[in-house]
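User: Let's go through this model term by term. I want each label set against its cut-off.

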Amino acid sequence: MHTRDAVFLEDLCPKLRVRRWRQSLHKSTGQSCIYCGKPSESIDHIKPLSRGGLSVTENCVPACLSCNGRKSDEEVFDWYRQQRFYDPRRAMAIRAWVDGDLRLALRLLEWAKPNTDKKAIKSQEQDWTFQAA
Ligand SMILES: [Zn+2]
């Protein structure tokens with residue numbers, strides 16, 4: 001049984017589990033950066049690990065390398081408001097994401113980016129709840 005094997009393998013290999021969780025985060029936004037909408041190439045910790053942020057879904061968002069690097073250790077909303085690509089709908093989406101309401105967050109992101117393939121986003125709904133910790 002492939003499903004059983006997969007679960008067993010993930011239990012043995014936490015790294016594989018984290019990798020799948022990261023992939024599911026990227027898929028949830030259609031592989032796009034939550035801040036600017038460019039292709040997401042990394043996972044950004046909204047509250048940085050250096051400040052006690054956790055590697056859980058609520059604290060981890062898909063981000064492009066540029067946003068991830070520039071945001072650095074700044075408070076996320078302070079930083080985001082200063083960006084040229086600032087979009088209040090995305091800011092609301094980030095707030096909802098942090099609050100753990102990914103359903104609302106993704107709906108707001110769709111609103112900010114009307115060209116998003118909504119089917120692709122819907123098909124990933126079941127993956128959101130996983131936490132790496
Ligand atoms: Zn970005």
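**Labels and their cut-offs**

User: Which residues does Ile-94 touch, not counting residues up to four places away in sequence?

Analyst: Ile-94 touches Ile-34, Val-61, Val-76 and Tyr-80. A contact means two C-beta atoms, placed from the backbone, within 7 Å. This is a predicted model: local features need pLDDT of at least 70, side-chain atom pairs count only at pLDDT 80 or more, and totals for chains, interfaces and linings use all residues. Numbering starts from 1 along each chain as its sequence is written.

User: Which elements does the protein have, and in what order do they run?

Analyst: There are seven helices and two strands. From the N terminus the order is α-α-β-β-α-α-α-α-α. These are DSSP runs, numbered from the N terminus: helices are H or I with at least four residues, strands are E with at least two.

User: What makes Leu-106 buried?

Analyst: Leu-106 sits in helix H6. Leu-106 has 24 other C-beta atoms within 10 Å, so it is buried. The scale is this: 20 or more other C-beta atoms within 10 Å is buried, 12 or fewer is exposed, and in between is partly exposed, with C-beta atoms placed from the backbone. The C-alpha atoms of Leu-106 and Ala-96 are 8.8 Å apart, at 10 residues along the chain.

User: How much of the protein counts as buried?

Analyst: 25% of the 133 residues.

User: Why is Glu-74 called exposed?

Analyst: Glu-74 has 12 C-beta neighbours inside 10 Å, and therefore counts as exposed. Its place is in the loop between helix H3 (65-71) and H4. Glu-74 and Lys-47 lie 27 residues apart in sequence, and their C-alpha atoms are 8.6 Å apart in space.

User: And Ser-72, why exposed?

Analyst: Ser-72 has 9 C-beta neighbours inside 10 Å, so the exposed label holds. Ser-72 is also in the loop between H3 and H4. Its phi is near 50°, a positive value in a residue other than glycine.

User: Which residues have the most contacts inside the largest nonpolar core?

Analyst: They are Ile-34, Ala-63, Ala-93, Ile-94 and Ala-105, in a core of 20 residues. Such a core is a set of buried Ala, Val, Leu, Ile, Met, Phe, Trp, Tyr and Cys residues joined through C-beta atoms within 7 Å. Helix H2 (14-28), strand S2 (60-63), helix H4 (76-81), helix H5 (88-98) and helix H6 (102-112) each supply at least two residues of this core. H6 gives the largest share, five residues.

User: Why is H5 called roughly antiparallel to H6?

Analyst: H5 and H6 pack at an angle of about 165°, and their axes are 7 Å apart. That angle makes the pair roughly antiparallel. Axes are lines fitted to C-alpha atoms, for helices over the stretch in contact, and angles run from 0 to 180 degrees between N-to-C directions. Under 35 degrees is roughly parallel, over 145 roughly antiparallel, 65 to 115 roughly perpendicular, and the rest oblique.

User: Which residues of H5 and H6 meet?

Analyst: Arg-89, Arg-90, Met-92, Ala-93, Ala-96 and Trp-97 in H5 face Leu-102, Leu-104, Ala-105, Leu-108, Leu-109, Trp-111 and Ala-112 in H6 as contacts.

User: What is Arg-89 in contact with, leaving aside its neighbours within four places in sequence?

Analyst: Arg-89 is in contact with Leu-108, Trp-111 and Ala-112. Arg-89 has 14 C-beta neighbours inside 10 Å, so it counts as partly exposed. Arg-89 and Glu-110 are 21 residues apart in sequence, with 9.4 Å between their C-alpha atoms.

User: What share of the contacts with a separation of 6 or more comes from residues 24 or more positions apart?

Analyst: The share is 56%.
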